[in-house]
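Hi there,

Here is the structure I promised to pass on. My notes on it follow below.

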Amino acid sequence: LGGDVAVGWPDARLVTTSAVSCLVPAVSTVGGVSVEVSVNGGADYTNNGVQYEYEVGASVSVVRPSRGLSGRDGQVVTVVGSDFQHGTGLSCRFGVDGSVSGLYESSSVVVCAVPARGAGSVRVDVSNNGMDWSASGGRYEYEVTDGVWSLAPSRGPVSGGTPVHVSVGGSAQAYSGVYCVFGSIEVGASAVSGGGYSCTA
């Protein structure tokens, strides 16, 4: 790699006559290096100058909202962190096996759909290439689905500013860190005396 570091068996393996698998060695700085291949023990290398880019790995600080209902599709979270890269490999992972594609918003914000699964707490990581995951992760809580959520009023003027009361019936627990999401706009909700939550459209 880059003419400076060579990796051999078992870190370099012939997969087919047109593919080789190599374990990337660690380096101390970010940047691009050329990758060349030898099939005769390092005596001769290709000279094609194909580039591999070393980057700072993604890091996750917080997941918003940090909880949602178990067993339900269509929930979306905003993952806040650093060093996110725009590309086809950008992914979020919920737990050890719940990987989904990420929507790049900025180098510090990625939006991901939450995969449906059972109740429990999982770690949330981000990967820029779909293989290497963030060293630091956030937490997401899948809660037991209970109660029936409703809101009033269910409509208002385009100018906004309408107080909306959100209530839940059934055996739902008391929640903290509640947010209302109007389209793509997330608004913090406050608990209301007597039950429910209030947020401004």
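Cys180 sits in strand 15 and Cys199 in strand 18 (residues 197–200), so the bond ties together parts 19 residues apart in sequence; strands here are DSSP E runs of at least two residues, numbered from the N terminus. Both cysteines are buried, meaning under 20% relative accessible area with a 1.4 Å probe, protein chains only.

A word on the source: this is a predicted model, in which local features need pLDDT of at least 70 and side-chain atom pairs count only at pLDDT 80 or more, while totals for chains, interfaces and linings use all residues. Residues are numbered from 1 along each chain as its sequence is written, and side-chain values use heavy atoms, leaving out hydrogens and water.

The count comes to two disulfides. The other joins Cys92 to Cys112, with S to S 1.8 Å, and its torsion of about 60 degrees makes it right-handed. Cys92, at 0% relative accessibility, is buried.

Back at strand 15 (residues 179–182), four bridges join it to strand 16 (residues 185–188), and the two run antiparallel.

Best wishes

How values were computed: Two strands pair if DSSP finds at least two bridges between them. A disulfide is a pair of cysteine sulfur atoms within 2.5 Å. Buried means under 20% relative accessible area, exposed over 50%, partly exposed in between (1.4 Å probe, protein chains only).
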